[in-house]
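These are my notes on one structure.

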Amino acid sequence: MKFIETLKLAAAAIWAHKLRSALTLLGMVIGVAAVVVVVSLIQGFNAYIDEKIANIGAKSYTIGRFSMDDFKDTDSIAAAQRRNKELTLEDFEFLKTRLTLTDKFAAGARPQRAQIKRGNEILQDVAIDGKQPLMGDIEKVDVADGRYFTDVENNEAARVAFIGSDVADKLFPNGDAVGGEIFINSLPYRVVGVRTAKGTVFGMPQDTFVTVPLMSYRRNFGALRNWRSVYFQGTAKDDKQFEDAVDEAKQWMRVRRGLEKGEKDNFGVFTPDSITGLRDRLFGTIFIVAIAVPAIALVIGAIVVMNIMLVSVTERTKEIGIRKALGARRADILKQFLVEAVVLTIIGGFAGVVIAWLLGIVVSMYVIQTYLSLGAIGLAILFSGGAGVAAGIFPAWKAARLDPIEALRAD
Amino acid sequence: MESPTTVEPQALEHGDLLAHDAVPAALISMRDIWRTYEMGAEQLHALRGVSFDVQRGEYLAIIGPSGSGKSTLMNLIGCLDTPSQGRYWINSKLVSEMDDDELARIRNQEIGFVFQTFNLLARATALHNVELPLIYAGISSAERHERAERALRNVELGDRMTHRPNELSGGQRQRVAIARALVNNPSILLADEPTGALDTKTSYEIMELFERLHEAGNTIIVVTHEHDIAARAHRIIHIRDGQIERDERVEK
């Protein structure tokens, strides 16, 4: 018997009992939808971290005072605070002249909070930081209006500011921010550019900030120490050699700090990988549990399908007898019921994916961007088919081994 | 009486010999067929050493009261069951030792069943019902259609092809079943009480159809307990207590 015939048969049998098929599949559909929603939430979350926090797209590394491991617990933080010296601009110059694999290399300083004013409009508690002009390139800063700083402005410690879109909107409601004047701690700055709005990350607004050239930051806000300490960011000349570039920077930093071989780093290097690695360490188990729980619904759905397939075999004993009398082999009957179960569950899988997709749209609109990958869809369908095989094999086997004489005698 | 199980190894050697050297020329050949059912500790012999031949083109009735073993015999002839002991050939193929799948193939190729209760698939159209044996024979959809249509026209149901069984009268249903039985050109048309569920007038119509099919060269075996149905055949085998009581030719 050809496979296409088996498939047609399965479709006809499912269609003949539309309501029953639909009710049977309810569990499968909910299970698949739940699993797919969770997977797309996780993938959305991961993409979120990649994009907003790890800044995967920028493909840059950061050298800072502390490493990710230093934040393991309070003891390690305390130890790192004693051991890790703050980075300095001298460190920056030392590295800059020696790095051969790094393309762009720039320094920035951690932000502090300040009051910003224009006319009667006052913004409290705005994060202000200082950056070298090249940082704009490294971070792939999206300029909505105007421009980033120039080297000249940095070297002269010019009072110019690159501002977030929230700041621009509040202080310049007419949209004429570029060229305008704002007061930070009572000193006037000229706005040279506005960044494209980024929205929020984990509910934290990203567009309420002011960046000034690093040298202006140092001159007007104080030495680049303590909370204003500097960090460096670099990109590789060749993205394929990114790891090597990071390693080179790390080795020179160790030389600069005079670390012995085998001694622990007393500074931190962050790469997008180290951030996603941290994420996977922190959330990996949670993700597994989050997928496993709705997967239980899938298992229950499969059991329901098996139950209905068993009922179906009993109901159709006569039909099986007739088919056997007319020349159906065991394999034909087995295939008929197995394919029916698999087609049924794959339909359930598709329905589940569609529901998950719709739910994803809603969740993306109101909660967090979800990401439904083709891989997840494929896996869901494959898994549904697998559940169909698992649920169908026993009923199908029961049907196949029915004695034709007994089966024909059934009502 | 000897136990069939103890005789089996010897019989197998014998069978091999026959299979190679003395394959009977008849369309159907049964030799010393036993069918024994185990009922707990007891053995129930439904057939006790039945032997007969059926030639190509014969019209044979097997008649006997209920419990005579005729249903068991029909199941064996139809390859729905295998004998506990004995040799059975259809079309020179030794079917008595075939496994389930080989038997399914023989049923598909060599046997056309007609049942008392028609046994049509309720959800399928007449055409689809007739196509069923061809599906299991692996025949392409276009050819299947054409052959099933021809078979239905042969039983004068050309205008009922898309009807479902519940839209057909009893006689029409039985004619669909007959079309289905014949569609794959089997060696034997095997009918089990074919008129048992029909009124007298329709019964005659069906028996006339059998007559016509016989004249067209089909080999027909009808299993029945009704004498006037059996009398239509050209040869009657009387079964009683699991044995052939009489094997008579009917002069027409």
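Entry 1, chain contact. I find that chain B and chain A bury about 2,200 Å² between them, and 58% of it is on carbon and sulfur atoms. Buried area here is the accessible area (1.4 Å probe) that two parts lose on being put together, summed over both. The model is predicted: local features need pLDDT of at least 70, side-chain atom pairs count only at pLDDT 80 or more, totals for chains, interfaces and linings use all residues, and side-chain values use heavy atoms, without hydrogens and water. Residues are numbered from 1 along each chain as its sequence is written, with chains lettered from A and ligands numbered from 1 in the order in which they are written.

On the chain B side, I note Leu80(B), Arg123(B) and Tyr136(B) as the residues that lose the most area to chain A; together they make up 32% of what that side buries. The contact (heavy atoms within 4.5 Å) takes 25 residues from chain B and 24 residues from chain A.

I used the cut-off of a side-chain nitrogen of Lys or Arg within 4 Å of a carboxyl oxygen of Asp or Glu. Between chain B and chain A the count is three. Arg144(B) and Glu5(A) form a salt bridge through their side chains, at 2.6 Å, N to O. Over all chains the structure holds 36 salt bridges. I also looked up Glu315(A) and Arg20(A), whose side chains meet in a salt bridge at 2.6 Å, N to O. Glu315(A) is in helix α10 (residues 272-315) of chain A and Arg20(A) in helix α2 of chain A, so the pair ties together parts that are 295 residues apart in sequence. Helices (H or I, at least four residues) and strands (E, at least two) are DSSP runs, numbered from the N terminus.

I read the axes as lines fitted to C-alpha atoms, for helices over the stretch in contact, with angles from 0 to 180 degrees between N-to-C directions. The axes of α1 (residues 3-16) and α12 (residues 330-366) of chain A come within 8 Å and cross at roughly 60°. α1(A) and α12(A) are therefore oblique (under 35 degrees counts as roughly parallel, over 145 as roughly antiparallel, 65 to 115 as roughly perpendicular, the rest as oblique). By class, their contact has nine nonpolar, two polar and two charged residues. Ala, Val, Leu, Ile, Met, Phe, Trp, Tyr, Cys and Pro count as nonpolar, Asp, Glu, Lys and Arg as charged, and the others, Gly among them, as polar.

For α2 (residues 18-53) of chain A and α12(A), I have axes that come within 7 Å and cross at roughly 45°. This pair is therefore oblique.

The axes of α4 (residues 126-136) and α6 (residues 170-182) of chain B come within 7 Å and cross at roughly 30°, which makes α4(B) roughly parallel to α6(B). I note Ala126(B), Asn129(B), Val130(B) and Pro133(B) of α4(B) in contact with Val176(B), Ala179(B) and Arg180(B) of α6(B).
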